[in-house]
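Subject: Structure handover

Hi,

Here is the structure I promised to pass on to you. Please open it alongside this note, and I will walk you through what turned up.

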Amino acid sequence: MPTAEQHGFRPHSDGPFVPVQTRSERFRSVNVDDFEPVNGREHEWKYSPVAVFADLTSGELDGSRIEIESADVAGVDISWIGRDDARIGRAGIPEERAAANAWSSFGEALLVTVSGEDEKTAVVSRHGLGRAPRAAHTVIEAAPNSRGLVVLRGTGDARLSENVEIVVGEGASLTVVSLQEWNDDAVHLASHFARLGRDSFLKHIVVSLGGKVVRVNPSTHLAEQGSDVEALGLYFADAGQHLEQQVFVHHDAPHTRSRVTYKGALQGEGARTVWIGDVLIGNSAVGTDSYEQNRNLVLTDGTRADSVPNLEIETGDIEGAGHASATGRFDDEQLFYLMARGIPEGEARRLVVRGFLTEIIQKIGSPELEERLNAALEAELQGS
C-alpha cells in the first residue's frame, strides 16, 4: 500500500502528518504501482482535465519503439538502448503517476548523443503515433564541451505519455526544443528531467501549438557549480484546448543561474492554459541568480489562464531571486497607435500578438526553425 508520504504528507512533531510543502520533498518513483490512482485533487493534477487522459495515468501503455524520422548529422548519434542501460535514470525520476506509468511501460529508450565543439542541429520527428495509449522514453546527452541543438517534434495523432532525460556534461552548451504540433484531438503528457554539469548551459524551449491536451513539465537540476539554464516557453491555446506547463528549477550548487520566461496567448471558448513555476534555491546554492516570469495575452472572452509562480529560498547568500506573473488583454494604446497610422484593427491586433510572442521564437537559434514557427504562429493568428 502507498504510504502517507506517497500521498503528499510527511510526519510532523506537532501531529501525525502535514502536507508536503517543499518541492524537493515530493515522493518519487519509477514504479506506477507506487502511486495512487489520479482523482484530480492532487497538487500536481488539480489544474488538469484528468478524465480526458485516464488511460495514460492508469491504463496499459504500448511501450514498443516509436517510429522516428531524423537526418544524419555529424556529431549527433541516434540509437536505441535497453531499459536496463546505466544511462537511464541519471537526470531525474517521476513525481507523478503518468510519468511513472510511462517509465514502467517503455521497452527501449531513444538515445541522442551530442559531441564535438562545433554547432549542429538535429531534428527528431514523431508522426502519426495513432490513437492507442503509448509510452516513450528519450535520453539526450551532451558530451563535455560539446555544442548542439536538438528538436523533438510531434505531429499527427497521438495519445502519448513520455519521459525525456537531458544530461549536459561539463562545459557543454545544449539547446533542446520540444515542439508540439499534434492534431486537434491528440493528448500528450511529458515530463522532462535535466541535470547540468559544471559550467554547462542548457536552453530548454517548449512550443505548444497543437493538441487537445498538452502537458509538458520540465524539471532542471543545477547540480554542479556554474551551471546555467534558460527555460523558455511559447503556447497558443484555441477553443477547447488545454495547454499546461509545470516548470521546476532546483538550484543545488554554488554560483548557478536560471532564467525562466513563458509566454502564451488564448482565444476561443474554453481555451485554457496553466503555468506553474517552482524555483528551489537549496541551502548549498550560494551565489544563486534566478528569475522567472509568465505572461499571458487574452484575445477573446471565455478563456482561462492560470499562472502560479513559487519561490523557495533556503540560503540568504544569493545574488538575486524573483518572479513575476501577468495576464491581460490587448494594450489599447498600442492598438490606437497602429490604427492611427492606417492599419486595420484586425491586422493591428495580429501585429501586437506577433510582437508579444516572437520574443521566444527569436531565442531558438535556428533560422530555419524560427521561420517555420513564425509561419505557424501567423496561421494561428489568421484564424483568430
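Helix α2 (residues 97-105) is largely enclosed by the rest of the structure, because 7 of its 9 residues are buried. Buried here means under 20% relative accessible area, with exposed over 50% and partly exposed in between (1.4 Å probe, protein chains only). The buried residues of α2 are R97, A98, A99, A100, N101, A102 and W103. Their cover includes α1 (54-57), β7, β9 (159-168) and β11, where contact means heavy atoms within 4.5 Å. Helices (H or I, at least four residues) and strands (E, at least two) are DSSP runs, numbered from the N terminus.

A word on the source: this is a predicted model, in which local features need pLDDT of at least 70 and side-chain atom pairs count only at pLDDT 80 or more, while totals for chains, interfaces and linings use all residues. Residues are numbered from 1 along each chain as its sequence is written, and side-chain values use heavy atoms, with hydrogens and water left out.

Now to the sheet. An open sheet is formed by 9 strands in the order β3-β6-β8-β10-β12-β14-β16-β18-β20, with mixed pairing. Its edge strands, β3 (68-69) and β20 (320-328), each pair on one side only. Two strands count as paired if DSSP finds at least two bridges between them.

Strand β10 pairs with strand β12 (residues 201-210) in the parallel sense, over 9 bridges, and S173 stands opposite F201 in β12. Helix α5 (residues 367-382) packs on the sheet, where it touches β8 (147-156), β10, β12 and β14, and its direction makes about 30° with that of β10. For such angles, axes are lines fitted to C-alpha atoms, for helices over the stretch in contact, and the values run from 0 to 180 degrees between N-to-C directions. Another helix, α4 (residues 345-361), lies across β12, β14 (228-237), β16 (257-266) and β18 (289-298), running at about 145° to β16.

Further along, β16 and β18 run parallel and are joined by 10 bridges, with G264 opposite N296 in β18. Strands β18 and β20 are also parallel, joined by 9 bridges; there, S290 has A321 in β20 as its bridge partner. β18 is mostly covered, with 7 of its 10 residues buried.

T175 sits in strand β10 (residues 173-182) and counts as buried because its relative accessibility is 11%. Leaving aside residues up to four places away in sequence, T175 touches G148, L149, V150, K203, I205 and I364. L232 lies in strand β14 and, at 0% relative accessibility, counts as buried.

Finally, the spaces. The structure holds 2 cavities of 30 Å³ or more. On a 1 Å grid over the protein atoms alone, a cavity is a set of points where a 1.4 Å probe fits but cannot get out; a pocket is an open set with protein on both sides within 12 Å along at least five of seven lines, and lining residues have an atom within 4 Å of a point. Grid points are joined across faces, edges and corners, and a volume is the space filled by probe spheres set on the points.

- The largest cavity has a volume of about 130 Å³. Its lining includes R23, E44, A99, S191 and N217, and β11 (187-196) and β13 (213-222) each supply at least two of the lining residues.
- The second largest cavity has a volume of about 80 Å³. It is lined by 13 residues, and I66, W80, L110, A136 and H137 lie nearest its centre. β7 gives the most to this lining, with 4 residues.
- The second largest pocket holds about 230 Å³ of space. Of its 15 lining residues, R28, A91, G92, H221 and F248 are the closest to its centre. β11, β13 and β15 (242-251) each supply at least two residues of this lining.

Best wishes
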